[in-house]
Amino acid sequence: MKVQDRFIRYAKILTPSNEESTTVPTTKCQFQLAKLLAEEMREMGIQDVRVDENCYVYGMIPPTPGFEDKASLGFIAHMDTVSEFTDHPVQPIFHEDYDGEDLPLGESGRILENRLFPHLKGLKGRTLITSDGRTILGADDKAGIAAILTMAEEVLKGESAHGKICIGFTPDEEVGSGADHFDVEHFGADFAYTVDGGPEGEIQYENFNASSVSVEIKGFNIHPGEAKDTMINAVLVGMEFNDLLPKGETPRDTKGYEGFFHLTHMEGSVEKAVLSYIIRDHDKENFAQREEAMRRAARIVNDKYGAGTLNLTIKESYQNMSEKIKPCFHLIENAMEAARKVGVEPLVVPIRGGTDGARLSFMGLPCPNLGTGGHAFHGPWEHITVEGMEAVTRMLGEIVKIYAERD
């Protein structure tokens, strides 16, 4: 099966995760894709396929006889998508011989514009895949799944020798819990790659240190005519707290290795307000300073309005995996070699976010991230090319060959 056919098959199955849910997985719909993948894997000849009670999919391709001593290599992608723009069925549209110009997305009124996505000129002549503009496309990360299984199908034809190959698909990556119940020991890989990035050839082993922050503010409501020196307006206190944070350090203001404070949600009234943040930084020391900036702002507020007015909760999400990858840098070097072998210039860039691989690396499975060939994830402008997915698939196959050739 062609990689684009697999991708379309998976993309049409809605699998949004839900950060408000307390179940595992956070949405039952993810089991539908998990079971389909497991069935497909068994039909292909992948061994030891199972879907566990937490919706993780595992499978294994045994090594070619005589190659049992080679490194066991894993490939991982996630089955869930973001929950936004998932209230309609996904309707992928193929735009053959794309002209590189602005592109209306179905009848949605949305336009894929060069002004916002200047890389579009570089996709001229390719077969571009988009949604109809009402939904996400789901390339994050169903394109990763499609590339892994298409590579596996090629491996199973037996034309090239290989070591043990381990395959895993996770739920709930988009809500930060994709690695929570991943069975590293059962998975059986020495090293692995997540296939969950952007353009083909992208290789990532440096990600943000990350925490989520909850700010709960207790106000004091009284008739506004008698409020002098008495009322505490929780919403205004929340605005005051945000103003105490460093300026010009939001996602809009930063790029590359620069970290940020990101206010993701705010709601409230005079009596009560809640603010939600994520904080990010590649540098561990800078990240600690960002957490301290939050604590300092909380102290200032409580000193002004009284102890207990503001309650701050900081929860670690993941750490920068670079310290776990650098001791086994062959993962990056071999991925770069594989990219060049398929005619793609490798692009080693930091992740301005995180992947399952960040957490898995700290669970004992060094796991950098590779691109899927996609762009503009998490919204209706998401798009990918057939040629990009094909290049990723070939690159994965070359990685398998390189590890089979090395001692």
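Modeller: Gladly! Contact here means heavy atoms within 4.5 Å, and a helix is a DSSP run of H or I with at least four residues (a strand is a run of E with at least two), numbered from the N terminus. This is a predicted model, in which local features need pLDDT of at least 70 and side-chain atom pairs count only at pLDDT 80 or more, while totals for chains, interfaces and linings use all residues. Residues are numbered from 1 along each chain as its sequence is written, and side-chain values use heavy atoms, leaving out hydrogens and water.

Let's begin with α2, residues 29–44, and α3, residues 139–155. On the α2 side you will find L33, L37, E40, M41 and M44, and these meet K142, I145, L149, A152 and E153 of α3. Sorted by class, this contact has seven nonpolar residues, three charged and no polar ones (Ala, Val, Leu, Ile, Met, Phe, Trp, Tyr, Cys and Pro count as nonpolar, Asp, Glu, Lys and Arg as charged, and the others, Gly among them, as polar).

Now look at how the two helices lie. Their axes are 11 Å apart and the packing angle is about 15° (axes are lines fitted to C-alpha atoms, for helices over the stretch in contact, and angles run from 0 to 180 degrees between N-to-C directions). So α2 and α3 are roughly parallel to each other (under 35 degrees is roughly parallel, over 145 roughly antiparallel, 65 to 115 roughly perpendicular, and the rest oblique). The crossing of α2 past α3 is right-handed, that is, the near helix is turned clockwise from the far one by less than a right angle, with anticlockwise being left-handed.

Next, turn to the other partner of α2. Helix α1, residues 3–11, crosses α2 at roughly 150°, and the axes of the two come within 11 Å. The pair is therefore roughly antiparallel. From α1, the residues R6, R9 and Y10 meet L33, L36, L37, E40 and M44 of α2. This contact counts five nonpolar and three charged residues, with no polar ones.

Among the 13 residues that line the second largest pocket, M151, E154, V155, G397 and K401 lie nearest its centre. Two elements, α3 and α10, each give two or more residues to this lining, and α10 gives the most, with six. Four nonpolar, four polar and five charged residues make up the lining.

Finally, follow α10, residues 386–405, to the largest cavity, where this helix again gives the most to the lining, with three residues. The structure holds one cavity of 30 Å³ or more, and the largest has about 50 Å³ of space. Its lining is K70, A71, L73, H162, G163, K164, I165, V400, Y403 and A404, which sort into six nonpolar, two polar and two charged residues.

Technical notes. 1 Å grid on protein atoms, 1.4 Å probe; cavity = no way out; pocket = protein on both sides within 12 Å on 5 of 7 lines; lining within 4 Å. Points joined across faces, edges and corners; volume = space filled by probe spheres on them.
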